[in-house]
Amino acid sequence: MEPAGCPGGRLPRPCRVLVLLNPRGGKGKALQLFRSLVQPLLEEAEVSFKLLLTERQNHARELVCAEELNHWDALVVMSGDGLMHEVVNGLMERPDWETAIRKPLCSLPGGSGNALAASLNYYAGYEQVTNDDLLINCTLLLCRRRLSPMNLLSLRTASGLQVYSVLSLAWGFVADVDLESERYRRLGEIRFTVGTIFRLATLRIYQGQLAYLPVGNAASKMPASPAPAQAQKGPVDTYLVPLEEPVPSHWTVVPEQDFVLVLVLLHTHLSTEMFAAPMGRCEAGGMHLFYVRAGVSRAMLLRLFLAMQKGKHMEYNCPYLVHVPVVAFRLEPKTRRGVFSVDGELMLCEAVQGQVHPNYFRMVCGSTDAPSSWEPQQMPPPEEPL
């Protein structure tokens, strides 16, 4: 059963939070930064906490699967985007997933990829910042306790895998940079710049079939045979048909099949310094779809990525770069070359489809409401410190 929609609201004062922290994330200084920057602000704001350090991949997923959530007013994740991915998928695996996913979440940047925290920072009206400044801003949002509903992306693969995404799915160039820059993780977010330069030197083309359901076509047309849901937990994907069937006739099928990248994005940022979606925060039940067709030059692709730091890349009006607001998509790679990156976590390359579920969970944010249009959002000025 699908929630009617999570309200915004606020955390109580005082409140108790469980902090899940990856001490090896980013430059390996997350625990030190929590003690020196985050903890004093939480104590002043009457936010008590229990700190748990993750020890391995999927440890956070295991912890939230077993945790007694009633002890906590919110779950705080201090790491990169991958740890929030683990936490949300862990909540959705619980027998009480319908209740568990309503537990408020908070993102504190402590990894090398902090796109979700950067997006929340933007929604709050703060300037684009990185490192300690971004961590302080996100901690202040937790201290102010405001909650906002967030979209959740449900993904299904040809092998039967069911995954939930809170940020993005990437294929091609962006996913390659995610994978190949892992060796530079100790550099922090600059690893993505280094990875981009290396990948540009040997630009690849990916063949596949891309189809999507635009935002405007979603309200009145539903598939006759939605994808089966009896064997899964989680919300019913009403816009999707089984992957072995063609997409419904009211979907758009992209005629080109040679791509440099495909990116599905639920928020505005792809990293703290990659303002990928300057058109603003997604409406309830929508997401950004970007794709770059083959034929774009290396020079233009480099200009686009450099301009993305300030959200100016769309101003080039590059004919190879396409943006569409969508509610569902399907991507069928022609070969298994390459990988998918889901919230920064790697996934095998195979046919995949997904749809957005609106206002499905709540996060600490600068406002209590979700936008309801695709117009660029006028952000309120940030509040004064505590």
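Colleague: What share of the 386 residues of the protein chain counts as buried?

Modeller: In this predicted model, 59% of the 386 residues count as buried. A residue is called buried when its relative accessible area is under 20%.

Colleague: What does the secondary structure of the protein chain come to?

Modeller: The chain has nine helices and 15 strands. Among contacts with a separation of 6 or more, 79% join residues 24 or more positions apart.

Colleague: How do you know that the span of helix α1 agrees with its 15 residues?

Modeller: Helix α1 covers residues 30–44, and at 1.5 Å a residue it should span 21 Å. The C-alpha atoms at its ends are 20 Å apart, so the two values agree.

Colleague: Where in α1 does a kink lie?

Modeller: The kink is at Val38, shortly before the proline Pro40, and amounts to about 45°. Val38 is also one of the buried residues of α1, together with Ala30, Phe34, Gln39, Leu41 and Leu42.

Colleague: What covers the buried residues of α1?

Modeller: The cover includes the strands β1 (15–21), β2 (47–53), β3 (74–79) and β4 (105–109), and the helix α6 (131–144). Just after α1 comes Glu46, with a positive phi of about 60°.

Colleague: What makes α6 largely enclosed by the rest of the structure?

Modeller: Of its 14 residues, 10 are buried, so the helix is largely enclosed. Leu134, Asn137, Thr139 and Arg144 are among them. The buried residues of α6 pack against α1, β3, β4, α5 and β15 (352–364). From first to last C-alpha α6 reaches 20 Å, close to the 20 Å expected.

Colleague: Why is Asn131 called exposed?

Modeller: The relative accessibility of Asn131 is 58%, and exposed means over 50%, so Asn131 counts as exposed. Asn131 is placed in helix α6, and its phi is positive, near 55°.

Colleague: Why is Arg145 called buried?

Modeller: Its relative accessible area is 4%, which is under 20%, so Arg145 is buried. Arg145 lies in the loop between α6 and β5 (147–157). Its phi is positive as well, about 75°, although Arg145 is not a glycine.

Colleague: How are α5 and α6 packed, and what is the angle?

Modeller: Helix α5 (residues 115–123) and α6 pack at about 65°, their axes 10 Å apart. The crossing of the two is left-handed. On the α5 side the contact is made by Ala117, Ala118, Leu120 and Asn121, and on the α6 side by Leu134, Asn137, Cys138 and Leu141. These residues divide into six nonpolar, two polar and no charged.

Colleague: At what angle do α2 and α3 pack?

Modeller: Helix α2 (residues 59–66) and helix α3 (residues 81–93) pack at about 35°, with 8 Å between their axes. Their crossing is right-handed. The residues in contact include His59, Arg61 and Val64 of α2, and Leu83, Glu86 and Glu93 of α3.

Key: Residues are numbered from 1 along each chain as its sequence is written. This is a predicted model: local features need pLDDT of at least 70, side-chain atom pairs count only at pLDDT 80 or more; totals for chains, interfaces and linings use all residues. Side-chain values use heavy atoms; hydrogens and water are left out. Helices (H or I, at least four residues) and strands (E, at least two) are DSSP runs, numbered from the N terminus. The expected span of a helix is 1.5 Å times one less than its number of residues. The bend at a residue is the angle between axes fitted to the seven residues ending there and the seven starting there. Buried means under 20% relative accessible area, exposed over 50%, partly exposed in between (1.4 Å probe, protein chains only). Contact means heavy atoms within 4.5 Å. Axes are lines fitted to C-alpha atoms, for helices over the stretch in contact, and angles run from 0 to 180 degrees between N-to-C directions. A crossing is left-handed if the near helix is turned anticlockwise from the far one by less than a right angle, and right-handed if clockwise. Ala, Val, Leu, Ile, Met, Phe, Trp, Tyr, Cys and Pro count as nonpolar, Asp, Glu, Lys and Arg as charged, and the others, Gly among them, as polar.
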